[in-house]
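Welcome! Please take a look at the sequence and the model below, and then we can walk through some of the details together.

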Amino acid sequence: MSETTNGGSGKTRRRLAVTSALGCLVLTLGLVGCDSDNGDDSATSPTPGLTRAPDTASFSGTPPSALASKAASAVDSARASASAAASSASARASEFEASVSAETARRSAAAQEELKGVQGRGNALSEVGMTGLPTTETGGLLAVAVTITNKTQSEASYAVQIDFKDSDGKVVESRFVGAENLEPGQREQAFAISRQPLEPKLTPYLAKAQRY
């Protein structure tokens, strides 16, 4: 009986040993597998503090459509304002010319015709004066007010030539004005208006004044 018992106990101990060994083997394999998985995860996970570089292939190099639209709108607005300012200046210039040209064209032609036969600068320089007009009042045009005063004792008419000269003294343009049938002591004002651009700057010059 004791031998049988001892034999059974020995078999039982061997089974336990084998089972324990198998358990350790399985546990060891499981730990190795876990270590291997952790290693793979650490290789693929990003390092804290580092950011992956952006994919620049998707960049177009152009601003968003909303910004582009605002920029285009600002440019269009500036162009419209400049155009409106130019149109306004042109309108003011036209209005100024129209206000003084009703009788000017006829008198200008008469004065030019009268001065054709005048030698020198004429006989009435002392009876004519000039005053420049601000461009803000003339719509941006270069213009002078020509004041003609009859300083004689008889009725007289006048023909006047105004030259506009550049910085070298060259005559760029000539304008003619006149006054007709002035009584002694009577004064009349006419306007000589240049059609040239403001730049380069021109200077008005009393070229001739003839009393007839």
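Is R211 buried, partly exposed or exposed? With a relative accessible area of 25%, R211 is partly exposed. Please keep in mind that this is a predicted model.

Let us begin with the sheet. It is open and built from 3 strands in the order β4-β3-β6, with antiparallel pairing. Since β4 (171-182) and β6 (203-211) each have a single partner strand, they stand at the edges, so one side of each lacks a neighbour in the sheet. On average, neighbouring strands are turned by 20° against each other, direction ignored. Between β3 (residues 156-165) and β6, the antiparallel pairing runs over 8 bridges; Q161, for instance, has K208 in β6 as its bridge partner. Helix α3 (residues 104-115) packs on this sheet and touches β3, β4 and β6, its direction making about 100° with that of β4.

Now to the charged side chains. The structure holds 5 salt bridges, among them these:

| Salt bridge | N to O distance |
|---|---|
| E180 with R106 | 3.0 Å |
| R107 with E188 | 2.2 Å |
| E127 with R211 | 2.2 Å |

R107 in helix α3 and E188 in strand β5 (residues 187-193) are 81 residues apart in sequence, so their pair ties these parts together. R107 is partly exposed at 22% relative accessible area. E127, by contrast, is buried because its relative accessible area of 5% is under 20%.

Conventions:
Residues numbered from 1 in each chain as written. Predicted model: local features only at pLDDT ≥ 70, side-chain atom pairs only at ≥ 80, totals over all residues. Heavy atoms only, no water. Pairing = 2+ DSSP bridges. Helix = DSSP H or I, 4+ residues; strand = E, 2+ residues; numbered from the N terminus. Axes fitted to C-alpha atoms, helices over the stretch in contact; angles between N-to-C directions. Contact = heavy atoms within 4.5 Å. Salt bridge = Lys/Arg side-chain N within 4 Å of Asp/Glu carboxyl O. Buried < 20%, exposed > 50% of the residue type's maximum accessible area, 1.4 Å probe, protein only.
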